Amino acid sequence: MGNPKAFLTVPRKEAGYRPVNDRVHDFGEVEQTLNTKDRQEQASRCMDCGVPFCHWACPLGNKDPEWNDALYRGEWETAYKLLKKSNPFPEFTGRICPALCEKACVLYLTTGEAVTNRENECAIAERAYQEGYVTIESPKRNGKRVAVVGAGPAGLAVANTLNYMGYEVTVYEKNEAAGGLLRYGIPNFKLNKKVIDRRIEVMEKEGVKFVYGSPISPDAISSQLSTEYDAVVLSTGTPTARDLKAPGRELKGIHLALELLSQQNRVLAGMEFSKEERVTAKGKNVLVIGGGDTGSDCIGTAHRQGAKSVTQIEIMPKPPVGHNPNTPWPNWPVILKTTSSHEEGCVRRWNINTLEFLGENGHVTGVKVQPIDWKPNPEGGRPIMVEAGEPEVIKAELVLLAMGFLKPEHPQYPANVFICGDAANGASLVVRAIASGKQTAERVNAYLSK
């Protein structure tokens, strides 16, 4: 701990976002960066707690006090080496992680101003690439082969870890490029896809093989891959989005969120779509159903496509601002979250239930909704929804359903087939998927080392 009084004298300083008037006209990353002096000063705020709750809260077990101290001292290479020990992809989590560590930071719990761990992590990763601290390693091979099905964050993590253990790893991906939701779900304004390409290039040079355009069925996993390889890891995520089976769902103009997000990312990558195939918000009133991060991504994408207006509705109550007594430490604080996309302009409403999709000539023109409330269930469990107002119609020519994903069900696989990430646990955070990938690699290694 280089400066034991910094947390008393240095206030939290975030890099912030590019100005709204600038960023809504392109898909460049919205987050800015601090200069080196300010970044090191922010790292000095870490108190090197005797019991580091940040380390406890991080699914990857990042040792934030250690690399924050190295960063404060200007020892960037040491900081990266410390970070890499627990996190194989800090350039991803440094951009898109909700920073569980910061909500566990003692400074957050006492003053509301956590150490800027996420931004510090990203800065360390970027400096590592700029200065050549990211080197190519050549692991000694052990003669065993592992297939990984799915190149999302969990699949990349398990492939990366097994490769360093000496296994010959081949990753099969149904899409045209690696990344999973990192590439086809998260907008470029949050994660530039060149960041993914850069990491994949490193993995390929270190020996990981990628086979694209290769969907693998469950039958093929059991009958083919499990016999061709010593072990198989299934990391296909949660491909099935939660739908909304309200009357009128068949109308044109109603799409699952990923239909918009993945297509837009592909357009930015150079892929072309016909006018009939194109999902666009240009000139339209847009309604986003779902109040999570995916809904927020739809809002930012709609703005950049030229939406006329954007409204977001959520069936659950509005969370409190700043502090929620119902979710005390060590629970994740369920409080109102305002993202960069929300700042760009959006009508947000809570306790709204969708009743019916309305349309003309086969195309959606509006959605009939109703204000509702929640009352305690006398038998316990989920609260009971009750009507709290008269139905109304929200005008919309484009409706985006962002209500999460269904946990996949799997058949019985041979003993040498392992499941990890969202495919095993249901939809969750990228950082948890990476952690699951690392843990699964250890399980595979233990199995193959018997």
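## Enclosed spaces

The largest cavity has a volume of about 120 Å³. Of the 15 residues that line the largest cavity, Cys58, Asn62, Cys97, Cys101 and Glu121 come closest to its centre. Helices H8 and H10 (117–131) each put at least two residues into this lining, and H10 gives the largest share, with three residues. Sorted by class, the lining of the largest cavity comes out as eight nonpolar, four polar and three charged residues. Keep in mind while browsing that this is a predicted model.

Searching the whole structure turns up four cavities of 30 Å³ or more. The second largest cavity holds about 100 Å³ of space. Its lining is made of 14 residues, and those nearest the centre are Cys46, Cys49, Cys54, Cys105 and Val106. Helices H4 (53–57), H5 (64–72) and H9 (106–111) each supply at least two residues of that lining.

## An open pocket

Now for a pocket. The second largest pocket has a volume of about 280 Å³. Its lining includes a run from Lys275 through Glu276, Glu277, Arg278 and Val279 to Thr280. Lys252, Gly253, His255, Lys284, His363 and Leu398 also line the second largest pocket. By class, that makes two nonpolar, four polar and six charged residues.

## Two parallel sheets

Strands of a sheet pair through backbone hydrogen bonds, in either a parallel or an antiparallel sense.

E5 pairs with E13 (residues 398–401) in the parallel sense over three bridges, with Leu256 standing opposite Leu401 in E13.

## Antiparallel pairs around E10

Which strands pair with E10 in the antiparallel sense over eight bridges? E9 does. In that pairing, Asn353 stands opposite Gln370 in E10. E9 and E10 form a hairpin with two residues between them.

E10 has other antiparallel pairings too. With E12 (residues 392–395) there are four bridges, and Gly366 has Lys395 in E12 as its bridge partner. Four bridges also join E10 to E11 (residues 384–387), again running antiparallel; there, Ile372 is partnered with Glu387 in E11.

Asn361 has a positive phi of about 55° although it is not a glycine. Asn361 is found in the loop between E9 (352–360) and E10 (363–375), in the turn of the hairpin. Is Asn361 buried or exposed? Asn361 is exposed, with a relative accessible area of 85%.

Ala99 is another residue with a positive phi, about 60°, despite not being a glycine. Ala99 belongs to the loop between helix H7 (90–96) and helix H8 (100–104). With a relative accessible area of 4%, Ala99 counts as buried, since the cut-off for that is under 20%.

There's a cis peptide bond as well: it joins Trp329 and Pro330, with omega about 10°. Pro330 is in the loop between strand E7 (309–314) and helix H17 (340–343).

## Helix H19

How does the span of H19 compare with what 1.5 Å a residue would give? The 19 residues of this helix (residues 430–448) should span 27 Å, and the end C-alpha atoms are 27 Å apart, which agrees.

Buried residues of H19 include Val430, Val431, Ala433, Ile434, Ala435, Ser436 and Gly437. Further along H19, Thr440, Ala441, Val444 and Leu448 are buried too. An α-helix has 3.6 residues a turn, so residues three or four places apart point the same way. The buried positions Thr440, Val444 and Leu448 can be looked at with that spacing in mind.

Terms used. Residues numbered from 1 in each chain as written. Predicted model: local features only at pLDDT ≥ 70, side-chain atom pairs only at ≥ 80, totals over all residues. Heavy atoms only, no water. 1 Å grid on protein atoms, 1.4 Å probe; cavity = no way out; pocket = protein on both sides within 12 Å on 5 of 7 lines; lining within 4 Å. Points joined across faces, edges and corners; volume = space filled by probe spheres on them. Nonpolar A, V, L, I, M, F, W, Y, C, P; charged D, E, K, R; others polar. Expected span 1.5 Å × (residues − 1). Buried < 20%, exposed > 50% of the residue type's maximum accessible area, 1.4 Å probe, protein only. Pairing = 2+ DSSP bridges.
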